[in-house]
Amino acid sequence: MGKGIVDKLKQEFDIAEEWVGYELHPETPSQGRLIRELFPDVDVNKMLENFRRAGQPYGIEFSGMNLVANSCLALQASELSRDRGKYEQAHARLFKAYFQEEMNIGDKQVLIKLFIELGLNEDELIEALDKQLYLPRLQKNRELARQYEITSVPTFIINEKQKLVGAQPYQVFQQTLRLHQ
């Protein structure tokens, strides 16, 4: 959702964006965890309907969602894609795989398939994941999140001081950006 909001805002404001990967639930096992287990008191169907409604103005679609994936490997692969100039494509492909195709983006074989589609080198990707070459970058991102007291995604930091949490109404972003111009 955050990407859709930022893309729309970029049509109206001069924005320099930097996406920082944040592992929301690092305790999630590698095979993932059922949403109903993680959030037993949440009506998952209502949550999905809210996602669909919030994503609609930005052309973002959500299908069913049963699994919370462990995002550590996906975030590491994304950092490799950043270094290879393919971060935006990787971000979009992971979003589609997870939220529309219901793929487990915590599964290494799924990630290899997805990132090869983007043109990344398979051997380099496997080495980066096996050796956890990008784990230090994720740890640095986690420290940055602690500094900004980020506990949910998306979280937007504007001019290194204003924090907006969640997919707020578009007008909230407009007003905030106007105050910081």
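Gly 64 is partly exposed, with a relative accessible area of 23%; partly exposed here covers the range between buried (under 20% relative accessible area) and exposed (over 50%), worked out with a 1.4 Å probe on protein chains only. The model is a predicted one, so local features need pLDDT of at least 70 and side-chain atom pairs count only at pLDDT 80 or more, while totals for chains, interfaces and linings use all residues. Residues are numbered from 1 along each chain as its sequence is written, and side-chain values use heavy atoms, with hydrogens and water left out.

Back to Gly 64, which sits in the loop between helix H3 (44-55) and strand E2 (67-68). Helices (H or I, at least four residues) and strands (E, at least two) are DSSP runs, numbered from the N terminus. Leaving aside neighbours within four places in sequence, Gly 64 is in contact with Leu 48, Arg 52, Phe 99 and Glu 102, where contact means heavy atoms within 4.5 Å.

Next comes the core. The largest nonpolar core has 44 residues, and Ile 105 and Phe 115 are those with the most contacts inside it. Such a core is a set of buried Ala, Val, Leu, Ile, Met, Phe, Trp, Tyr and Cys residues joined through side-chain atoms within 4.5 Å. Helix H5 (residues 87-100) supplies the largest share of this core, 6 residues. Not counting residues up to four places away in sequence, Ile 105 touches Ala 69, Asn 70, Ala 74, Leu 94, Ala 97, Tyr 98, Leu 111 and Leu 114.

Two packed helices are described by the angle between their axes and the distance between the axes. Axes are lines fitted to C-alpha atoms, for helices over the stretch in contact, and angles run from 0 to 180 degrees between N-to-C directions. Angles under 35 degrees count as roughly parallel, over 145 as roughly antiparallel, 65 to 115 as roughly perpendicular and the rest as oblique.

With H5, H4 packs at an angle of about 150°, the axes being 8 Å apart. That makes H4 roughly antiparallel to H5. On the H4 side the contact is made by Ala 74, Ser 78, Ser 81 and Arg 82, and on the H5 side by Tyr 87, Ala 90 and Leu 94. Sorted by class, the contact of H4 with H5 has 4 nonpolar, 2 polar and 1 charged residues. For these classes, Ala, Val, Leu, Ile, Met, Phe, Trp, Tyr, Cys and Pro count as nonpolar, Asp, Glu, Lys and Arg as charged, and the others, Gly among them, as polar.

The axes of H4 and helix H6 (residues 108-117) come within 10 Å and cross at roughly 25°. H4 is therefore roughly parallel to H6. Leu 73, Ala 74, Ala 77, Ser 78 and Ser 81 of H4 meet Lys 108, Leu 111 and Phe 115 of H6, a contact with 5 nonpolar, 2 polar and 1 charged residues.

Helix H4 (residues 72-83) also packs with helix H7 (residues 122-130), at an angle of about 130° and with the axes 10 Å apart. H4 and H7 are therefore oblique to each other. Here Leu 73, Gln 76, Ala 77 and Leu 80 in H4 meet Glu 124, Leu 125, Ala 128 and Leu 129 in H7. The residues of this contact divide into 6 nonpolar, 1 polar and 1 charged.

Further along the chain, some backbone details turn up. The peptide bond from Val 153 to Pro 154 is cis, with omega near -5°, and Pro 154 is found in the loop between helix H8 (135-147) and strand E3 (155-158). Glu 149 is in the loop between H8 and E3 and has a positive phi of about 55° although it is not a glycine. Glu 149 is exposed, at 62% relative accessible area. Asn 159, in the loop between E3 and strand E4 (162-165), has a positive phi near 55°, again in a residue other than glycine. At 47% relative accessibility, Asn 159 counts as partly exposed.

Finally, Thr 176 is found in helix H9 (residues 170-179) and is buried, with a relative accessible area of 8%. Apart from residues up to four places away in sequence, Thr 176 touches Ile 158, Gln 162 and Leu 164.
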